[in-house]
Amino acid sequence: MSPNRLESQRAERFSALYDDAYVDVLRFIARRASLDAAEDIAHEVFLTAWRRFDDVPSVRDEARAWLFGTARNCLLREWRDSGKRTALGVRIADAEEAQLLSDEARTADTRLDLAAAWKRLEPAHQEVLSLAIWEQLPSSLAGTVLGISPQSYRVRLHRARAALRQHLDDPTPQPHSPSTVTEHQP
């Protein structure tokens, strides 16, 4: 095959990947950063994918997981470069801003409880749950995104689900014990 034909096929495959996964990657990033930053980071992800296209898996779900892992690395690099030392957290809509799915008070209460419980989760638990819930990745691919084994991911997912259940069952956070102040005696 001629070099032009190979480049054309590569461009077609990349275009198909972009069309298929861009919205998913943008949503993945937007849950972790502002929308303005998310668009820039998504473009960086696909620029990386273009440069390393031979490394991108050909199977759709594996390619999405590769792109999510790249997005996560781009986010971490962005935060590190900007001096932010916050954990990689996943945001959900504030309870006050959440649009109710129905007029039933029970649905509203459930959403409010979930939003409050989500905010109390550790960022690591939020990240693990988001890969399972929003990105709908199986453990083998979610583990790839986090750079861990599928078994380790399943353990983290189990712990995150248990933490979320605990926060839902006990919606009031435990007060922190006051620190003890000792007086300095001369």
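Me: Leaving aside its neighbours within four places in sequence, with which residues is Thr48 in contact?

Reply: The structure is a predicted model. Thr48 is found in helix α2. With neighbours within four places in sequence left aside, the contacts of Thr48 are Trp66 and Thr70.

Me: Is Thr48 buried or exposed?

Reply: The relative accessible area of Thr48 is 17%. A residue counts as buried under 20%, so Thr48 is buried.

Me: How many helices and how many strands are in the protein chain?

Reply: From the N terminus on, the elements run α-α-α-α-α-α-α. The count is therefore seven helices and zero strands.

Me: Among contacts in the protein chain between residues at least 6 apart in sequence, what percentage join residues at least 24 apart?

Reply: The protein chain has 186 residues, of which 35% count as buried. For contacts between residues at least 6 apart in sequence, the share that joins residues at least 24 apart is 63%.

Me: Which class describes the aromatic pair of Tyr18 and Phe46: stacked, tilted or edge-to-face?

Reply: By the ring-pair rule the model has nine aromatic pairs. In the pair of Tyr18 and Phe46, the centres are 4.8 Å apart and the planes make an angle of 70°. Planes over 60 degrees apart count as edge-to-face, so the class is edge-to-face.

Me: How many residues apart are Tyr18 and Phe46?

Reply: Tyr18 is in helix α1 (residues 3-30), and Phe46 is in helix α2 (residues 35-51). The pair thus links distant parts of the chain, and the separation is 28 residues.

Me: Why does Phe46 count as buried, and what is Tyr18 by the corresponding value?

Reply: Buried means under 20% relative accessible area. Phe46 counts as buried because its relative accessibility is 3%. Tyr18 has a relative accessible area of 29%, so Tyr18 is partly exposed.

Me: Why is the pair of Tyr22 and Phe46 tilted?

Reply: The ring centres of Tyr22 and Phe46 lie 5.9 Å apart. Tyr22 in helix α1 and Phe46 in helix α2 are 24 residues apart, and both residues are buried. Planes under 30 degrees apart would count as stacked and over 60 as edge-to-face, so the pair is tilted because its planes are at 45°.

Me: Which residues do ring pairs link into a cluster, and which residue lies over the face of Trp50?

Reply: The cluster linked by ring pairs consists of Phe14, Tyr18, Tyr22, Phe46, Trp50 and Phe53. At 4.2 Å from the ring centre, the residue over the face of Trp50 is Arg10.

Me: How is α5 oriented to α7?

Reply: The axes of helix α5 (residues 123-133) and helix α7 (residues 150-169) come within 9 Å and cross at roughly 105°. Angles of 65 to 115 degrees count as roughly perpendicular, so α5 is to α7 roughly perpendicular.

Me: By class, which residues has the contact of α5 with α7?

Reply: On α5 the contact includes Val128 and Leu129, and on α7 it includes Arg156 and Leu157. By class, the residues are nine nonpolar, one polar and three charged.

Me: Why is helix α6 largely enclosed by the rest of the structure?

Reply: The buried residues of α6 are Ser139, Leu141, Ala142, Gly143, Val145 and Leu146. What covers them includes α1, α3, α5 and α7. Helix α6 (residues 139-146) is largely enclosed because its buried residues number six of the eight.

Note on methods. Residues are numbered from 1 along each chain as its sequence is written. This is a predicted model: local features need pLDDT of at least 70, side-chain atom pairs count only at pLDDT 80 or more; totals for chains, interfaces and linings use all residues. Side-chain values use heavy atoms; hydrogens and water are left out. Rings of Phe, Tyr and Trp (its six-membered ring) pair if their centres lie within 6.5 Å; planes under 30 degrees apart count as stacked, over 60 as edge-to-face and the rest as tilted. Helices (H or I, at least four residues) and strands (E, at least two) are DSSP runs, numbered from the N terminus. Buried means under 20% relative accessible area, exposed over 50%, partly exposed in between (1.4 Å probe, protein chains only). A charge sits over a ring if NZ of Lys or CZ of Arg is within 6 Å of the ring centre and within 35 degrees of the ring normal. Axes are lines fitted to C-alpha atoms, for helices over the stretch in contact, and angles run from 0 to 180 degrees between N-to-C directions. Angles under 35 degrees count as roughly parallel, over 145 as roughly antiparallel, 65 to 115 as roughly perpendicular and the rest as oblique. Contact means heavy atoms within 4.5 Å. Ala, Val, Leu, Ile, Met, Phe, Trp, Tyr, Cys and Pro count as nonpolar, Asp, Glu, Lys and Arg as charged, and the others, Gly among them, as polar.
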